[in-house]
Amino acid sequence: MKLLWPFLIVVLILTFAASILIGQANAPIADSLAALMTGDGPLGRIMQDIRLPRALLGVMVGVSLGLSGAAIQGYLRNPLAEPGIIGISGAASLGAVVSLQTGFAAVFWLALPLSALGSAFLAVLIILALAGPRGGSLTLILAGIAVSALAGALTSLALNLSPNPYATYEIVFWMMGSLADRSMDHVWLALPFCLVGWVMIASLGPALNALSLGEDTAASMGINLTRSRLILIIGVACSVGAVTAVSGAIGFVGLVVPHILRPFVGARPSVLVWASALGGAIMILAADILVRIVLPDGDLKLGVVMALIGAPLFLHLIYKTRGDLQ
Amino acid sequence: MRPSKVITLALALITGASVVEAGPPRVVSMNLCTDQLVMQIADPDQIISLSAMARDEHSSAMRDEARKYAQNTGSAEQIYLTKPDLILAGLYTEKASVNMLQSLGLQVEIFDPEESFDNIRDNIRRMGDLLGHPDRAARMVADFDQRLADLQSGITTRPRAALYGANGYTSGVQSLSHHILTAAGFDNIAQELGLTWGGRIPLERLIVLNPDVVITGRPFRGHSRGEEILRHPALAPFKMAAHTDARWVCGTPLVLDAIQDLQREHPDKRTQ
């Protein structure tokens, strides 16, 4: 437990460094780092304009998804809740695609993340309304399937109707997500909303701890449940919406990471939320490195790798919790 | 001989005879590139209809000209009813429609896409023969060669250029784009990579290759992530004002205009 934080931080720094150093252009580590600082020459351009934004975005996506996953799970007291599975990421994708295809994204600077955020907000609202305060697994998963299916279908429709011939091919990107060839512009676009979302979710720590004892106990401890719920909804919509708008819907991060880390934090939700944020960042960076190593010339989607890791665990969790599903 | 064959033969003789009487054949074109060649070679009253793509804002280099003619949707039924003497199609025109028209006894001529300037010359001559204007086609080829030679004179340096399209796709040596680029006095970076047909160059690799210029495609309407790469800040220092556009799509003498535009940014031609 004591060693958890140093461990997570060291691994995060290592994966971040690896993410910056691994890529198409094979250059010695010292040259790469020098080029990163100076920005000189082609290598400098690669380091500063291509690799750095990719790694930063990886951290932002991972923190957002890990944090959101742990917080929703804590609030609903259900280990199956995850932004991707319950349709929040899918809905954010839909918002982003619609605003890009209608041209709304070009109207003003923050139009794209705001659209994704709005759509994600609606999805969280629907899911929480359907799942009820106790977050029954069955309703939660079913509501998630319905929201995901609808969002996916509408995303495909919007892309199919686009006058752009390439748009149809990008259904995979919006459903699977990728960090390839993103630029600093994308980082600046998502960062403000990510920060707001992270702060909001982080402020929920005490409420989540109290909630783990049950709703009545939490209320008797002075936790305002309506207020916590609203903060959770807005925080998750902000952070998941913003990262999905620039990197597509990446699933399973919020499921896998809290599950792995839960035993190390003594199942305390307030601590788990922070550990999951770091763990999520590590997971996304590692998966994104894997994407580049396995198929360096291709465009393997990050979401594909995450689903390969996450789906078996999801099955395992369903198996374990199937008693509660009835 | 079976009766059905006799009838087919008789029909062929009759229709063949009528063509000779009626002068140059009246044509339907089903392909963007044959559309443009037909417009450049045929008499206007020879053209029954062109494909809908001929009016396409993004891909057709003769979209305004094409508005003067009727358009077809490419369906065999519609084309058959307009009773053309000759149908022009591309290699990738819908096979079912082409087979149907052939089985209805119509003459369908299929043109391969042009991948080199020799292909352009051959296709112009073949089109001239088919349309009954071989002399016009011969003049067109001669003009093409003359203007091409003029454009290419005085080029001593050959900057290294990369064609870069959506999703990082580049055109290889066996493509019309490659020949337009090299005729304008640039070396194609795809050649260094040994790309025959073309392929994907990841952004990082492109920057390591450090080309003198990068020529991107003109974006389509609507949004696609595939085209977002063309606005990536890492690409900005290389980018050239010229775009690949509709004139790069088909092998007609219009490629010379594309070459001329491209040369505005060639060091040997810029001063002129």
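Colleague: How many residues does the contact take from chain A and from chain B?
Modeller: The model is a predicted one. Two residues are counted as in contact if their C-beta atoms, placed from the backbone, lie within 7 Å. By that rule the contact takes 21 residues from chain B, and from chain A it takes 23 residues.

Colleague: Which helix gives the most to the side of chain A that touches chain B?
Modeller: Two helices of chain A, α3 (41-76) and α4 (88-102), each supply at least two residues of that side. With five residues, the helix that gives the most is α3(A).

Colleague: What distance separates the centres of domain 1 and domain 2 of chain B?
Modeller: Chain B is divided into domain 1, covering 3-147, and domain 2, covering 157-263. Taken over C-alpha atoms, the centres of these two domains of chain B are separated by 30 Å.

Colleague: Which helix of chain B gives the most to the side of domain 1 that touches domain 2?
Modeller: In chain B, 19 residues of domain 1 are in contact with 14 residues of domain 2. On the domain 1 side, α2 (32-41), α6 (117-131) and α7 (134-152) of chain B each supply at least two residues. The one that gives the most, with five residues, is α2(B).

Colleague: How many residues of each class has the side of domain 1 of chain B that touches domain 2 of chain B?
Modeller: Eight residues of this side are nonpolar and eight are polar. The charged residues number three.

Technical notes: Residues numbered from 1 in each chain as written. Chains lettered and ligands numbered in written order. Predicted model: local features only at pLDDT ≥ 70, side-chain atom pairs only at ≥ 80, totals over all residues. Helix = DSSP H or I, 4+ residues; strand = E, 2+ residues; numbered from the N terminus. Domains from an automatic or database assignment. Nonpolar A, V, L, I, M, F, W, Y, C, P; charged D, E, K, R; others polar.
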